[in-house]
Amino acid sequence: MTRQNKSASIHHEPSLANQLLLASALVIVGICVHLFIYAIHRDDTLSVSNGYVARNETVFKNYNVVYPIFHNEKVDMMMRNDVTHQVDDFSKRVNRKNHDTDNELVINYTIIHYDARTLSIMFHKTERLSGRPTVRSQNVVTYDLQKQTRFQLADIVKDQTTGDALIGRILHDYFQHLKSESFTVSELSQLSSIGLKDIREFALDDDALIIYINPHHPDSQEGRAAISIKKDLLSLVLESTFTAVSPSLAQSTMEQPNYAIDRMPQHDISTDPNVKMLALTFDDGPGNLTPSLLDVLKKYGAHATFFVIGRQVPTYAGTVRREVDEGNEVGNHSWDHANLTRLSYAGLQQQIGSTQQAVKDATGGYTPVLMRPPEGVYNGAVAAYIASQGLRVQLWNVDTLDWLNRDSQVIYNRIMSAAADGRVILLHDIHPTTIAAATRAIPELVAKGYQLVTVSELDKYR
Ligand code: ZN
């Protein structure tokens with residue numbers, strides 16, 4: 001009995017040290033529970049609920065106005081004020097003597113994208129005043145949830161000039177490529193003059209910027225197009241925070257954009273299929289001699305294809321960008337001129353994939369479609385890998401051996417004597433003798449009536 005009591009007393013009366021330990025453990029558990037609840041609460045603030053703008057419903061026969069609540073004080077207020085303003089505006093236009101007619105106002109919304117930083121939302125409005133046709137409109141608004149403000153596109157652009165040029169070029173080339181019957185020539189040229197400041201509505205989606213434009217009438221819903229542009233094409237244009245892929249926290253029920261642009265369009269080159277053409281190709285660059293070659297090409301309205309070594313690309317990023325900007329083609333020539341037939345799958349990924357990425361990074365999204373294996377050496381496995389990356393093997397049909405014979409007169413003669421319609425000529429833009437030979441040959445070929453085109457352009461016609 002005594003023993004039992006003693007034992008019980010040990011159990012039920014812990015020492016002071018144990019009591020303190022227990023007390024602090026409880027405090028820690030308490031903090032954890034509190035943090036856990038806080039975390040749930042924080043999470044909960046990411047959920048959306050509906051607000052409702054109430055009005056005298058005898059005035060509005062068909063009336064349903066909702067807006068989302070994000071538990072973000074200023075943003076919620078901005079949305080509520082905006083919706084309330086539209087209700088007030090409609091209310092003023094309603095003919096109050098005619099209560100029994102079919103006035104209608106419906107405002108609802110679709111969340112396009114929602115993450116910790118940004119919110120893009122589309123408001124849909126249907127309104128009808130008695131005896132008038134129904135008017136439906138949409139309005140896309142993007143908010144900065146951290147700064148609790150509304151975004152303009154200019155707020156996230158880091159380089160306005162590059163942005164204007166890029167957006168204009170993307171839209172112009174894309175619509176021209178579509179040859180859409182809904183756009184006339186003058187509308188196409190109007191499209192190419194659209195700058196960032198003209199884009200009033202936009203959304204930031206998971207991996208794309210969506211812009212809403214109407215080339216016919218900027219303020220009309222009729223003919224308005226939603227155009228999504230992959231964020232990785234915009235790395236030179238947008239602040240880096242906004243080019244990162246960011247999954248939406250809300251399930252979007254948005255319809256697909258009218259157009260999706262996921263690849264930088266080739267420059268608009270007007271090639272005449274009835275005039276002889278050939279493709280000059282330059283391997284193993286970019287290097288410090290490449291810009292002088294670009295000068296010559298540009299001067300004579302000529303284009304070439306550059307098969308670049310990935311390892312060189314970051315060092316000469318500006319040169320690669322210039323190659324693309326001036327309408328030339330950039331192809332993949334591996335990371336460091338490896339023999340691809342000796343590589344594992346991972347090795348191929350490293351040699352080819354890293355080069356694709358380096359070109360994309362240097363140019364703000366240009367993606368090569370041609371691969372020239374170093375020395376032209378490849379096998380079935382290499383070819384299969386190349387094809388799986390959306391690339392195709394491109395060799396040549398004239399080898400000038402300019403790496404062997406460093407004599408500009410010899411190389412010039414070889415270019416000129418091999419020149420013929422449909423030829424693909426192999427050169428290297430790393431030898432001064434080759435640059436000298438090309439500098440002489442390019443104006444000569446143009447004078448002889450050749451169109452100097454990129455390999456992809458040649459492929460369209462020959
Ligand atoms: Zn090479």
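Colleague: Let's begin with the turn between S4 and S5: which residue there has a positive phi?

Modeller: Keep in mind that this is a predicted model. In it, S4 and S5 form a hairpin, with 6 residues between the two strands. The residue in that turn with a positive phi, of about 80 degrees, is Gly131.

Colleague: How many residues lie between S3 and S4 in their hairpin?

Modeller: S3 and S4 run antiparallel, with 10 bridges joining them. Val106, for example, stands opposite Thr126 in S4. The number of residues between S3 and S4 in the hairpin is 3.

Colleague: Which strands stand at the edges of the sheet?

Modeller: This open sheet has 6 strands in the order S1-S2-S3-S4-S5-S6, with mixed pairing. Two of them have a single partner strand each, so one side of each is left without a neighbour in the sheet. Those edge strands are S1 and S6.

Colleague: At what angle does helix H3 run to S4?

Modeller: S4 is largely enclosed by the rest of the structure, because 9 of its 11 residues are buried. Helix H3 (residues 73-93) lies across S2, S3, S4, S5 and S6. Its angle to S4 is about 10 degrees.

Colleague: Now for helix H9: within what arc do its buried residues fall?

Modeller: The buried residues in H9 (residues 380-388) are Val382, Tyr385 and Ile386. They line one face of the helix, because seen down the axis they fall within a limited arc. That arc is 100 degrees.

Colleague: Which residue caps the N-terminal end of H9?

Modeller: Look for a side-chain oxygen by the start of the helix: one lies 3.2 Å from the backbone nitrogen of Ala381. The residue that supplies this oxygen is Asn379.

Colleague: Which residues are the protein donors of the zinc ion?

Modeller: In sequence, the donor residues are spaced D-x48-H-x3-H. The protein donors lie 2.1 to 2.2 Å from the zinc ion, and they are Asp284, His333 and His337.

Technical notes
Residues are numbered from 1 along each chain as its sequence is written. This is a predicted model: local features need pLDDT of at least 70, side-chain atom pairs count only at pLDDT 80 or more; totals for chains, interfaces and linings use all residues. Side-chain values use heavy atoms; hydrogens and water are left out. Donors are N, O and S atoms within 2.8 Å of the metal (3.2 Å for Na, K and Ca); water is not among the atoms, so sites may look incomplete. Buried means under 20% relative accessible area, exposed over 50%, partly exposed in between (1.4 Å probe, protein chains only). Helices (H or I, at least four residues) and strands (E, at least two) are DSSP runs, numbered from the N terminus. The arc is that of the directions from the helix axis to the C-beta atoms. A polar contact is a pair of N or O atoms within 3.5 Å; within protein, one must be able to donate a hydrogen and the other to accept it, and residues adjacent in sequence count only if both atoms are side-chain atoms. Two strands pair if DSSP finds at least two bridges between them. Contact means heavy atoms within 4.5 Å. Axes are lines fitted to C-alpha atoms, for helices over the stretch in contact, and angles run from 0 to 180 degrees between N-to-C directions.
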